[in-house]
Amino acid sequence: YRCTFDQGLCEVNEVIGNLRSWACNCRAEYSGGKCSRFSCPNGCNQRGHCIASGVCSCFRGFRGDTCEIDCGCGHHGQCD
């Protein structure tokens with residue numbers, strides 16, 4: 001078992017008899033079961049996608065570093 005591109009530390013999670021289960025302990029900038037997803041503050045407030053470590057791409061109608069600002073256009077337009 002290996003974490004994606006060594007972006008985390010693979011550790012034994014559980015031992016039952018001769019069976020072992022593994023889990024990734026991801027570095028701060030990554031998340032997911034195999035550390036294959038970027039991690040952003042507040043998960044971009046569920047108003048965008050995390051496209052790089054700490055970088056959000058906001059959905060239409062939102063802006064800000066973590067997509068925290070609602071432009072007030074009912075999520076149908078662009079922010080000015």
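Predicted model: local features only at pLDDT ≥ 70, side-chain atom pairs only at ≥ 80, totals over all residues.

**Disulfides, core and hairpin**

At 25% relative accessibility, Cys58 counts as partly exposed, a class that lies between buried, under 20% relative accessible area, and exposed, over 50%, with a 1.4 Å probe and protein chains only. Residues are numbered from 1 along each chain as its sequence is written, and side-chain values use heavy atoms, with hydrogens and water left out.

Cys58 forms a disulfide with Cys67, the sulfur atoms being 2.2 Å apart; a disulfide here is a pair of cysteine sulfur atoms within 2.5 Å. The link of Cys58 and Cys67 is left-handed, with -95° about the S-S bond. Cys67, at 0% relative accessibility, is buried.

How many disulfides does this rule give? The count is four. Another of them joins Cys40 to Cys50, at 2.0 Å from S to S. The torsion about that S-S bond is about 80°, so the disulfide of Cys40 and Cys50 is right-handed. Cys40 lies in the loop between β4 (37-38) and β5 (48-52), while Cys50 is in strand β5, so the pair ties together parts ten residues apart in sequence. Strands are DSSP runs of E, at least two residues long, numbered from the N terminus. Cys40 is buried at 11%, whereas Cys50 is partly exposed at 25%.

A further disulfide is formed by Cys44 and Cys56, with sulfur atoms 2.1 Å apart. This pair links Cys44, in the loop between β4 and β5, to Cys56 in strand β6 (residues 55-58), twelve residues away. Both Cys44 and Cys56 are buried.

Which residues make up the largest nonpolar core? They are Cys40, Cys44, Cys56, Phe62 and Cys67. Such a core is a set of buried Ala, Val, Leu, Ile, Met, Phe, Trp, Tyr and Cys residues joined through side-chain atoms within 4.5 Å.

I turn now to the hairpin. Strands β1 (residues 8-16) and β2 (residues 19-26) pair in the antiparallel sense over eight bridges; pairing requires that DSSP find at least two bridges between the strands. Leu9 stands opposite Asn25 in β2. Two residues separate the strands of this hairpin, and Gly17 takes a positive phi near 65°.

Finally, the whole structure contains one salt bridge, meaning a side-chain nitrogen of Lys or Arg within 4 Å of a carboxyl oxygen of Asp or Glu. Glu29 and Arg27 form this salt bridge, at 3.2 Å from N to O.

Methods:
Helix = DSSP H or I, 4+ residues; strand = E, 2+ residues; numbered from the N terminus.
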